[in-house]
Amino acid sequence: MALSVQVNKYTAPEAVDGKGVGVQSLPVNDGETNLRLVQLAPRIAAYRVAMRCAPCAVGAQALLGLATQATWDVAAAPDSPTSEAAAEVVRRTLGLGGYASPVIEWDGRILSLPSWETRMRQLLTGALYGFALAEMVAYPYEGTTYIDLEPRDQSSVRQWVYEGRRIVAVDQWQREPYGLSSFGSVRIPYERLVHLVWPSLSEGVEGVGLLRQVEPLASDYRRATNLRNVLVQRYAVPVPTVTIDEDALARQRGTAPSQQEYEAARDELLRVLRRYTSHEESALVLPSWASLSFESTSASGGAYPINSVVSDIEREILQAFYVQFLAMGGSGSSGAYATAQVHAELAAQMAGDLCQWLAEGLSSYVRAIVSANIGPMPLDQLPRLTYSGIRSSLWVEKVGDVVSLLSAGVLTPTAEDERAIRSALELPAPTRAAEVRSERERLGRTVRPTTTPSTLPGGV
């Protein structure tokens, strides 16, 4: 954990537009250097090394990919024109609700602020490492103050600054292109930071990330795969066995060989066999008093025991990321569609928790955008970030059954039923024209027109 320091009174410095107070942090070289300067570096370095393993990378990408599939918007307080205007400003700043990511002119250059999806992915990594830090940097441009979130690397935190029991600032090591600077740090006011802690602040300011339980598994995975590679290499070539016929050796030499001569002959044969097994020689030439045989062993068979261990570790890693459905159909797993569906729903629930965690943690960020562009507003009037569409894809397999029931006339949903179904599936509400068309179709299926026989000969 990073160091902590107490201060009697803290005065926040003025922020510089377009620059903020902190400095853009660079990676810490995976903790290979400058570990003595940063207390957080060993843990963050171990997490980053763990993410190099294929199961960890795939599991994290699958979980965060589900979360980034959500459709985000800004919801205003009901019956409040001021809140509607504030929500429109937040949408324009974040590039939501049909707006593109802002493109402004700053310091003589055309600057494209990062999109909401980019910043979302950067903030969601806080759930992996335990916490995420980003500084709110203002960019006034043509009557609108765009506030961007500049991410701060977790390993660059030098210490947390407290006033009493209240955190007031974060000291960040200054970074240079060649690494950490050991001469000073930058103190960033806490009210200008977005500090997201997974799962909550009750776990401390540095949280407990998902990688806390995955990193030991990743270490076991690396050791197991390295051992498997050794076994495969060991059994890739059949094991040669050389037998020395002492009587034939004695007949060739004319006398019984001494112990030293016998060991010299054996060492020479071993040298020749090592050159063959290391693929330095493609053929063997043996004396008449030596015979050669091979013990044929399949490379896959020699590594088979360790393969099951590697597969078990892979499944455990995917389970830690709540995406164990990716392993369905593998060795030792069910492969049943129903089981995979249950696991996929669990992953979607976890992705929804990530989105909820992000939406709640960015409330101070939304308030800063509104205060900079409109002014202070009551908390109950502030707009809030909303998300939808996480679980709607899980209902696709049920749509076919519903369509069959509708075609048969067994189900006759009303407009209220359709709105309730759309709300449960996190789908947009139907338009008025669609509701009228749906009501006409429902009446057409339930009310059958009566046919009156014609009284005229031959009909009309």
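## Helix α3 against helix α12

Helix α3 and helix α12 (residues 363–373) pack at an angle of about 110 degrees. Their axes are 10 Å apart. That angle lies in the 65 to 115 range, so α3 is roughly perpendicular to α12. The model behind these values is predicted.

On the α3 side, the contact uses Ala86, Val89, Val90, Thr93 and Leu94. These meet Tyr365, Val366, Ile369, Val370 and Asn373 of α12. By class, the contact has eight nonpolar and two polar residues.

## The largest cavity

Two cavities of 30 Å³ or more are counted in the model. The largest holds about 100 Å³ of space. Which residues line the largest cavity? Its lining consists of Thr93, Leu94, Pro102, Leu113, Pro114, Ser115, Trp116, Arg119, Ile147, Asp148, Leu149 and Tyr365. Thr93, Leu94 and Tyr365 are in this lining, and they also take part in the contact between α3 and α12.

Strand β6 supplies the largest share, three residues. The lining of the largest cavity divides into eight nonpolar, two polar and two charged residues.

## The second largest cavity

The second largest cavity has a volume of about 30 Å³. Leu133, Arg152, Asp153, Ser156, Val157, Val170, Gln172, Ile188 and Leu193 form its lining. Five of these residues are nonpolar, two are polar and two are charged.

## Helix α2 against helix α10

Helix α2 (residues 54–68) and helix α10 (residues 304–320) have axes that come within 9 Å. They cross at roughly 25 degrees. Angles under 35 degrees count as roughly parallel, so α2 and α10 are roughly parallel to each other. The crossing of α2 past α10 is right-handed.

From α2, the contact draws on Pro55, Cys56 and Gly59. From α10 come Glu314, Ile317 and Leu318. Four residues of this contact are nonpolar, one is polar and one is charged.

## Helix α1 against helix α6

The axes of helix α1 (residues 41–50) and helix α6 (residues 211–235) also come within 9 Å. Here the crossing angle is roughly 55 degrees. The two helices are therefore oblique to each other. Is the crossing of α1 past α6 left-handed or right-handed? It is left-handed.

Arg43, Ala46, Tyr47, Val49 and Ala50 are the α1 residues in the contact. They meet Leu211, Arg212, Glu215, Ala218 and Arg222 of α6. The contact of α1 with α6 has six nonpolar and four charged residues, and no polar ones.

## Backbone exceptions

Most residues other than glycine have a negative phi, and most peptide bonds are trans.

A cis peptide bond joins Trp198 and Pro199, with omega about 0 degrees. Pro199 is in the loop between β10 (193–197) and α6. Asp107 has a positive phi, near 55 degrees, although Asp107 is not a glycine. The place of Asp107 is the loop between β3 (103–106) and β4 (109–112).

Conventions: Residues numbered from 1 in each chain as written. Predicted model: local features only at pLDDT ≥ 70, side-chain atom pairs only at ≥ 80, totals over all residues. Heavy atoms only, no water. 1 Å grid on protein atoms, 1.4 Å probe; cavity = no way out; pocket = protein on both sides within 12 Å on 5 of 7 lines; lining within 4 Å. Points joined across faces, edges and corners; volume = space filled by probe spheres on them. Helix = DSSP H or I, 4+ residues; strand = E, 2+ residues; numbered from the N terminus. Nonpolar A, V, L, I, M, F, W, Y, C, P; charged D, E, K, R; others polar. Axes fitted to C-alpha atoms, helices over the stretch in contact; angles between N-to-C directions. Parallel < 35°, antiparallel > 145°, perpendicular 65-115°, else oblique. Left-handed = near helix turned anticlockwise from the far one by under 90°. Contact = heavy atoms within 4.5 Å.
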